[in-house]
Amino acid sequence: RARLRAVGGVAAIVGGLFWAAGATVLGRVTPDSAGWTITAAALFFLPALLALGIRQREATGLGTAGFLFGFVPVFVGSFLTGGLLGPLSDGLAVAWIALGLLLLIAGSVPFALVAAWSGPVRRPAAALVLAGAAGYLLIGTQPGGWSVDVTTTIAGAVYGAGWVWIGADCVSSLQSRA
């Protein structure tokens, strides 16, 4: 368990850095090819979510309902966004990735609330994930243009920072137990 938590913590940090880099830096340099960073981040979120699932089971809180409503949507969204269903989908990989991205972002709202409430994630880290996800969800209500670009950049940086904090917290909790 400690090894999975360590790997999960490092994976959350790397995933958060990929996500933030794609939204802030790489999207400005090569906007058409920065999407790989989101796919890479989603793949790194998978072991991070497994580690958080272990922490959630050890923490007091919402139990099974919290796990189902908080962690499962983000895990399935990460799985699909990571393109893991692509080889089996006969050309529908892009559709599965788009569905996964929607589930990952929308599922991050209950994930952050459940994670903060039940204790495996500190509230400031959960607040960053929640704020970043909310920013992405706001993009859907805005007409195109400059404001969407700014919102995407800010939301991506905040969302990525939340995952970096979650990973750092996971790794530091292992060090404090040693």
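Colleague: Where is Ala21 found?
Modeller: Ala21 sits in helix α1. Helices here are DSSP runs of H or I with at least four residues, strands are runs of E with at least two, and numbering goes from the N terminus. Keep in mind that this is a predicted model, where local features need pLDDT of at least 70, side-chain atom pairs count only at pLDDT 80 or more, and totals for chains, interfaces and linings use all residues. Residues are numbered from 1 along each chain as its sequence is written, and side-chain values use heavy atoms, with hydrogens and water left out.

Colleague: Why does Ala21 count as partly exposed?
Modeller: Buried means under 20% relative accessible area, exposed means over 50%, and partly exposed is in between (1.4 Å probe, protein chains only). Ala21 has 26% relative accessibility, so it counts as partly exposed. From Ala21 to Ile38 is 17 residues in sequence and 9.3 Å in space, C-alpha to C-alpha.

Colleague: What about Gly35: why does it count as partly exposed?
Modeller: Its relative accessibility is 41%, so Gly35 lands in that middle class as well. Gly35 belongs to the loop between α1 and α2. Gly35 and Ala23 are twelve residues apart in sequence, with 8.9 Å between their C-alpha atoms.

Colleague: How many helices and strands does the chain have?
Modeller: Six helices and zero strands. From the N terminus on, that reads α-α-α-α-α-α.

Colleague: Which residues touch the most other members of the largest nonpolar core?
Modeller: Trp19, Phe111, Tyr136, Tyr159, Trp163 and Ile166, out of 28 residues in that core. α1 (2–29), α2 (36–58), α3 (63–81), α4 (93–118), α5 and α6 (146–177) each put in at least two residues, and α4 gives the most, with seven. What makes it a core is the definition: buried Ala, Val, Leu, Ile, Met, Phe, Trp, Tyr and Cys residues joined through side-chain atoms within 4.5 Å.

Colleague: What is Ile166 in contact with, leaving aside its neighbours within four places in sequence?
Modeller: Contact means heavy atoms within 4.5 Å. With those neighbours set aside, Ile166 is in contact with Leu52, Phe111, Val121, Ala125 and Val129.

Colleague: Why is Asp169 called buried?
Modeller: Its relative accessible area is 7%, so Asp169 is buried. Asp169 has its place in helix α6. Neighbours within four places in sequence aside, Asp169 is in contact with Arg55, Pro120 and Arg122.

Colleague: And why does Phe69 count as exposed?
Modeller: Phe69 reaches 58% relative accessibility, so it goes in the exposed class. Phe69 is part of helix α3.

Colleague: What makes the nonpolar surface patch of about 400 Å²?
Modeller: Leu68, Phe69, Val72, Val76 and Leu103 make it, and four of its residues, the largest share, come from α3.

Colleague: Over the chain, what percentage of the 178 residues is buried?
Modeller: Buried residues are 42% of the 178. As for contacts with a separation of 6 or more, 74% join residues 24 or more positions apart.

Notes: Patch = residues over 30% accessible without salt bridge, like charges linked within 9 Å, V, L, I, M, F, W, Y side chains within 5 Å. Areas by Shrake-Rupley, 256 points an atom, 1.4 Å probe, with all protein chains shown as cover. Salt bridge = Lys/Arg side-chain N within 4 Å of Asp/Glu carboxyl O.
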